[in-house]
Amino acid sequence: MIIEIGHFSVIIALVLSVFGMASSALALKTRNPDWARSGRMALTLIFSLLSIGMLSLVYSFIVRDFSVLYVANNSNSKLPFFYTVSAVWGGHEGSLLLWVFILSVFSTLAVWLHWRTQPTIMPYLIAVECAIIFGFLCLIVFLSSPFERLLPVPLDGKDLNPLLQDPAMVMHPPMLYMGYVGFSIPFSFAMAALFSGRLGEEWIKVTQRWTTFAWMCLTTGILLGGYWAYYELGWGGYWGWDPVENASFMPWLVGTAYLHSVLVQEKRKMFKVWNLFLIIVTFSLSLIGTFLVRSGVLTSVHSFATDPERGLYILIFVGSVIGIAFGALILRSNKLKSQVEMDSLISRESIFLFNNLFFLVAAATVFLGTLYPLILETLQGAKVTVGPPYYNAVFMPIALGLLFLMGIGPYIPWRKASVASLKKSFSIPLLAGAVMVVVLAITGIRNLYALAGTYVVAFSGMAIVLDFGKVSQLYAQRNSSNIFKGCLSAFTANQRRYAAMLTHIGVLVLVIGIIASTIYQTEKVVSMQVGDEFTIADYRIKLTELHEVEGGNWKAEEGVFQVFDGATLLTELRPQKRIYNATKTPTTESAIYAINMGHIFLTMPEVSPEGVAVARGVINPLILWVWGGGIIMGLGVILNILRPRKKDE
Amino acid sequence: MRMSIRFTLILLLILTSPWPLLAEVQDETALDIQVREIAKTLRCTVCQTENIWESGAPLAQQMRGVVRERLKLGHSPEDIQEYFLSRYGDYIMMEPPKHGVNWLIWVGPFILLLGGGLLLYKEVNGWVRGTPSPPAAAPPPLDEQARQRLERELES
């Protein structure tokens with residue numbers, strides 16, 4: 001009964017999305033604000049109805065109502081309560097519902113928040129939001145409904161994919177989707193600007209915080225996914241250039257380009273078409289990312305469903321969004337010609353352009369690498385694999401270029417930089433990079449990527465620290481306070497800028513973590529019995545016990561490994577080889593010990609009935625910097641969003 | 001004694017087992033490391049984007065066995081990759097082999113970067129020329145307070 005209420009609510013929401021579009025059109029035609037108000041009401045109702053839809057599905061999962069097909073496919077009587085809720089987005093249908101639910105939350109919020117300040121574009125905004133909601137709801141209602149009943153009712157459910165029974169996986173999809181959907185707000189404002197012809201800087205200023213918020217969610221989502229892959233998939237890495245990972249990385253890359261290039265329009269009123277182009281591409285890639293993963297086009301661990309009807313619908317939907325958006329952009333392009341004033345090639349606006357170029361080429365590389373196998377197979381019937389070795393060779397140089405630009409951009413003045421100012425800003429950072437490289441080379445590091453990466457990180461880091469130091473000193477002098485207070489007042493007086501610099505520092509920390517943990521990873525695989533030991537790096541790892549353990553819905557072989565540094569016992573690690581009862585799927589549960597900012601990572605991929613265990617030890621130096629860098633990035637973004645509002649914003 | 005027990009055990013497992021990794025390693029030797037390096041470049045054809053080192057599939061196990069045997073026979077890593085290429089085609093490599101149309105994705109990004117960079121350079125230079133230059137008259141000297149303020153603004 002409950003699930004039918006949800007189903008019915010979602011159908012009404014679909015009807016209301018059509019009504020929302022119609023009433024917005026009427027609002028524009030009759031210029032009667034009542035129609036706009038009823039559009040707003042429609043959107044608000046859609047939000048309420050989709051909440052009911054979500055809640056009914058959550059309820060069905062909690063009471064384990066296996067007469068609902070989706071629940072039966074993604075849950076089980078023994079599934080822990082915690083995961084019954086996250087199982088809602090464990091499959092194709094439910095995750096689409098989550099997507100459109102988040103969209104309804106954001107768009108309702110946006111309409112109410114900006115109603116007073118942006119009255120003229122509201123009908124356009126409501127129409128665009130309703131159109132996207134309509135597209136998703138059609139898919140959900142007609143082609144992939146999570147509300148279907150199953151007859152006869154099975155005694156038990158098939159269970160949630162065991163790999164998804166994990167805390168990080170509870171948070172990963174919602175975060176990622178909040179990022180994807182978050183970009184729909186600047187996208188809708190951009191479309192509203194295009195349709196209404198109000199093409200000033202207004203829409204960019206209004207959506208700046210939305211964009212930053214979306215970017216933060218997407219970044220967090222990607223990092224959570226990496227963290228999950230790291231300890232759950234058990235191969236000791238966090239990023240495998242898997243098509244599914246790439247799908248979320250592409251909108252991130254273009255979104256980051258957009259995040260930067262809007263600054264130019266805000267300050268110098270240039271690049272209007274360019275920014276519209278970037279936000280359209282970003283949101284299109286968000287849609288493509290969602291569907292690539294959810295349609296099963298890509299053959300990879302995450303893709304579950306394959307269904308030609310769905311695929312065709314999705315293709316048409318994404319195609320129309322992209323077509324309409326770019327069509328509007330082209331039709332408006334004559335109105336968008338802004339007077340480009342450029343005083344010098346060496347200026348911040350020009351660096352921003354090169355930043356955009358690098359981000360776009362990076363995104364194109366990932367796009368090409370992800371789709372190339374599909375294209376080649378369709379055209380020639382030939383199969384190739386584009387895996388990590390390709391990206392390491394092609395993507396990494398581009399990423400290094402970006403990091404270098406990151407050190408330059410913020411410290412080059414707008415309009416024109418003089419040679420003297422360049423010298424002043426960059427001679428010390430350039431020197432710092434060189435010194436770091438020499439120091440590392442002396443200590444025996446010869447890897448070219450490690451050295452180049454270090455140079456770039458030292459250069460960019462020094463540029464940030466130097467600038468902040470100088471400005472803080474100025475503030476300290478002016479207020480005749482000490483340097484710490486100077487730092488604080490420098491930060492609060494320019495919070496937008498220095499919060500962004502904090503995010504940049506987070507990126508640098510993350511990059512150091514990535515370089516160290518990929519290039520200097522050591523790995524060893526050993527088969528051993530109780531009493532045996534092996535050494536990896538400086539550590540001695542001894543298997544002391546092998547026994548069975550049982551969880552609520554799984555059984556496992558657990559190895560107890562003592563980790564020694566010399567003669568001192570550091571810790572006991574207990575990796576498991578689990579078999580989930582319902583699906584009989586095996587998973588390897590890793591055991592991790594953090595030491596010196598790195599990890600000792602242990603898994604036990606196989607155990608034989610005779611008591612021989614295969615142990616796989618991995619040392620990941622500085623891997624905590626990867627996650628630490630992510631946290632610093634997030635902190636920077638939060639400080640950016642929470643900055644006090646200035647008059648011109 | 002213990003060695004021989006273990007040996008028989010492992011032999012048994014090779015014959016019967018779904019325990020892929022077991023058969024291969026005791027403790028890592030130089031050969032193991034070489035096997036790993038090569039295995040990481042080859043794709044497990046029955047898996048989803050996994051190399052034969054990380055995969056637990058029986059086929060991947062067999063392929064690792066082949067790599068090991070050939071290394072023992074003195075084949076070079078390139079020979080071994082060539083061997084797999086000739087049997088399975090390009091699909092077997094974790095990266096597209098650099099020949100024919102595959103060059104597209106190897107050099108494509110760099111061509112984009114270079115082409116885009118040149119285009120951007122030309123465009124920006126064009127804009128710079130089209131922009132009216134600011135008046136050339138020397139600005140009056142600033143007093144100390146104004147200079148400091150200006151410096152601050154320039155920095156932010």
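Predicted model: local features only at pLDDT ≥ 70, side-chain atom pairs only at ≥ 80, totals over all residues.
**Helix packing, a hairpin and a chain contact**

Visitor: Why are H9(A) and H10(A) called roughly antiparallel?

Guide: Look at the angle. The axes of H9(A), residues 202–233, and H10(A), residues 243–268, cross at roughly 150°. Angles over 145 degrees count as roughly antiparallel. Therefore the two helices are roughly antiparallel to each other. Their axes come within 10 Å.

Visitor: In which hand does H9(A) pass H10(A)?

Guide: The crossing is left-handed.

Visitor: What makes Tyr231(A) partly exposed?

Guide: Count its neighbours. Tyr231(A) has 19 other C-beta atoms within 10 Å. Buried takes 20 or more, and exposed takes 12 or fewer. The count of 19 lies in between, so Tyr231(A) is partly exposed.

Visitor: Where is Tyr231(A) found, and with which residues is it in contact beyond four places in sequence?

Guide: Tyr231(A) sits in helix H9 of chain A. Beyond those neighbours, it contacts Ser590(A) and Ile592(A). Ser590(A) is 359 residues away along the chain, yet its C-alpha atom is 5.7 Å from that of Tyr231(A).

Visitor: How do you know that E4(A) and E5(A) pair?

Guide: Count the bridges. Strands E4(A), residues 554–565, and E5(A), residues 568–573, share five bridges in the antiparallel sense. Pairing needs at least two, so these strands pair. One bridge joins Asp565(A) to Thr568(A) in E5(A).

Visitor: What do E4(A) and E5(A) form, and which residue in the turn has a positive phi?

Guide: They form a hairpin, with two residues between the strands. Gly566(A), in the turn, has a positive phi of about 65°.

Visitor: How many residues of chain A are in contact with chain B?

Guide: 51 residues of chain A touch 40 residues of chain B. The elements giving two or more residues to the chain A side include helices H13, H14 and H16 and strands E1 and E9. H13(A) gives the most, with ten residues. By class, the chain A side has 30 nonpolar, eleven polar and ten charged residues.

Technical notes:
Residues numbered from 1 in each chain as written. Chains lettered and ligands numbered in written order. Axes fitted to C-alpha atoms, helices over the stretch in contact; angles between N-to-C directions. Parallel < 35°, antiparallel > 145°, perpendicular 65-115°, else oblique. Left-handed = near helix turned anticlockwise from the far one by under 90°. Contact = placed C-beta atoms within 7 Å. Nonpolar A, V, L, I, M, F, W, Y, C, P; charged D, E, K, R; others polar.
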